[in-house]
Amino acid sequence: MDLDLVIKGGTVVTAADTARCDVGIRGGRIVALADGLTAAAEVDATGLLVMPGGVDAHCHMDQPVEPGVRMADGFESGTRSAACGGTTTVIPFAAQQRGATLRSAVEEYHRLAAGVASIDYGFHLIITDPTPTVLHEELPALVDEGCTSFKIYMTYDDLKLNDRQIIECLAAARATGAQTMIHAENSDCISWLTEALEAAGRTAPHHHASSRPPLVEREATHRAVSLAELVDVSVLIVHVSGAEAIEQIRWGQARGLDIHAETCPQYLFLTADDLHRDGFEGAKYVCSPPPRDTANQEAVWTALRTGVLDVFSSDHAPFRFDDPQGKMAKGSNAPFSEIPNGIPGLETRMALLFSGGVMTGRLTLSQFVALTSTTPAELYGLRPRKGSIAVGSDADIGLWDPGATWTVTNDLLHHAVDYTPYEGLQLRGRCVRTLSRGVTVWDDEQVSGAPGHGQYLRRSPKRDVHATAARR
Ligand code: DUC
Ligand code: ZN
Ligand code: ZN
């Protein structure tokens, strides 16, 4: 068989199986899985795990935020950083500005990504202004163009929707086959608590956690699940932080509802104590929902192991720390409510889960693959092209050395952020080579990906949408 490249002698891991075999690649696709394959170009994977490239289905890059604040990563540095951590597909958000169209956000995002991304990318939408035109004209057209998922918010004044608007969005998702992602925190609870904290002079970064306690997330999660039941449609609860929200998700799943849920590294490796770091350092850990405590970390690990949480994303939200357009946009002593929300994590996402999950025996290798690649690829309409090592799939592959040990430091990372929340953490296991459609984009300490190699991915809507619509 004529092959461009063979990955030889590794252990191939998928969400279902582990097997010793070579991987034959031609034209950017996997065309053979067998022993004894040969080609002019060969990569020796002896002692390495050969896993599907990661699908980071929740990351932010080049997203407009409030005036005076800027995301540090665009598509060039964001996709480069992702590739160096074993990720081969990213799905950031084309965010509708209130009063503007969805399409203008998507067009701008195409302009920003084209020619600079080094791995493949899709676009989720963010709907902030769900007018009938947006939901019944723009959304169906954009779903046809491959933007088959959208996020909606239950908090943040410039983003949040009321329950009626959420229901309208869910109904539009049902009609189009789009997957809805929900940021579930109760806005009025947060504003009431924030005002009380500020009135008492409690404005330091660590009060961010007190302004968004688990109850706030639990109530909104329950409401999101209930509204999904009302409309009879799937929802995916993003960035789940701990036991109380997990309980609501498990409750919905036990009712037979199509509820999916995502968590992120910050809920496994950080706690609210990190927000207490000296001076303004705590601002580096301000994200929403906030990191909780070690008991909640354990609840998140258990929910990953048992499948209640089925997607593991970074929620990379790249704000530099020492920067007047980043965490210090409102000064180096800004009240917690004025600190841009979000932390970086595109490049460390997979290594953290591998080290903390697989190397400790909490997760199997196949669970790791499912959480970081196969399930997000499935839920967001990228299968069978992405998310597996299978004949016919794109040759998006990470070679992992389970014996490598290393210490996270920001100097090793390739994002444009000036810190990592995981500085100094010692990890076991590391991605030593990443291939995107058969092209090496990260090779053991060296970036070899080319800006412009990455392509836009038209994703599929949920398959049973027309059948479901016909039944109504
Ligand atoms: N929600 C996100 O999804 N990302 C960053 C901040 C936030 O609140
Ligand atoms: Zn969110
Ligand atoms: Zn996010």
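Me: What's the handedness of the crossing of α11 and α12?

Reply: That crossing is right-handed. Keep in mind that this is a predicted model.

Me: Which residues of α11 and α12 make the contact?

Reply: From α11 you have Arg-349, Met-350, Leu-353, Phe-354 and Val-358. On the α12 side there are Leu-365, Phe-368, Leu-371 and Thr-372. Sorted by class, that contact has seven nonpolar, one polar and one charged residues.

Me: And what angle do α11 and α12 pack at?

Reply: About 150°, with the axes 10 Å apart. Helix α11 spans residues 349-358 and helix α12 spans residues 365-379. Because of that angle, α11 is roughly antiparallel to α12; the cut-off for that label is over 145 degrees.

Me: OK, metals now. What are the protein donors of the zinc ion (ligand 2)?

Reply: Lys-151 through NZ, His-183 through ND1 and His-239 through NE2, lying 2.1 to 2.2 Å from the zinc. Along the chain their spacing reads K-x31-H-x55-H.

Me: Where do His-183 and His-239 sit in the chain?

Reply: His-183 is in strand β14 (residues 179-183), while His-239 is in the loop between β15 (235-237) and α8 (243-254). They're 56 residues apart, so the pair links distant parts of the chain.

Me: Are His-183 and His-239 buried or exposed?

Reply: Both are buried.

Me: What about the zinc ion (ligand 3), which protein donors does that one have?

Reply: His-58 and His-60, each through NE2, plus Asp-315 through OD. Those atoms lie 1.9 to 2.0 Å from the ion, and the spacing is H-x1-H-x254-D.

Me: How far apart are the zinc ion (ligand 3) and the zinc ion (ligand 2)?

Reply: The two ions are 4.2 Å apart.

Me: What is Ser-81 in contact with, leaving aside its neighbours within four places in sequence?

Reply: With those neighbours set aside, Ser-81 is in contact with Leu-346, Glu-347, His-414 and His-415.

Notes
Residues are numbered from 1 along each chain as its sequence is written. Chains are lettered from A and ligands numbered from 1 in the order in which they are written. This is a predicted model: local features need pLDDT of at least 70, side-chain atom pairs count only at pLDDT 80 or more; totals for chains, interfaces and linings use all residues. Side-chain values use heavy atoms; hydrogens and water are left out. Donors are N, O and S atoms within 2.8 Å of the metal (3.2 Å for Na, K and Ca); water is not among the atoms, so sites may look incomplete. Helices (H or I, at least four residues) and strands (E, at least two) are DSSP runs, numbered from the N terminus. Buried means under 20% relative accessible area, exposed over 50%, partly exposed in between (1.4 Å probe, protein chains only). Axes are lines fitted to C-alpha atoms, for helices over the stretch in contact, and angles run from 0 to 180 degrees between N-to-C directions. Angles under 35 degrees count as roughly parallel, over 145 as roughly antiparallel, 65 to 115 as roughly perpendicular and the rest as oblique. A crossing is left-handed if the near helix is turned anticlockwise from the far one by less than a right angle, and right-handed if clockwise. Contact means heavy atoms within 4.5 Å. Ala, Val, Leu, Ile, Met, Phe, Trp, Tyr, Cys and Pro count as nonpolar, Asp, Glu, Lys and Arg as charged, and the others, Gly among them, as polar.
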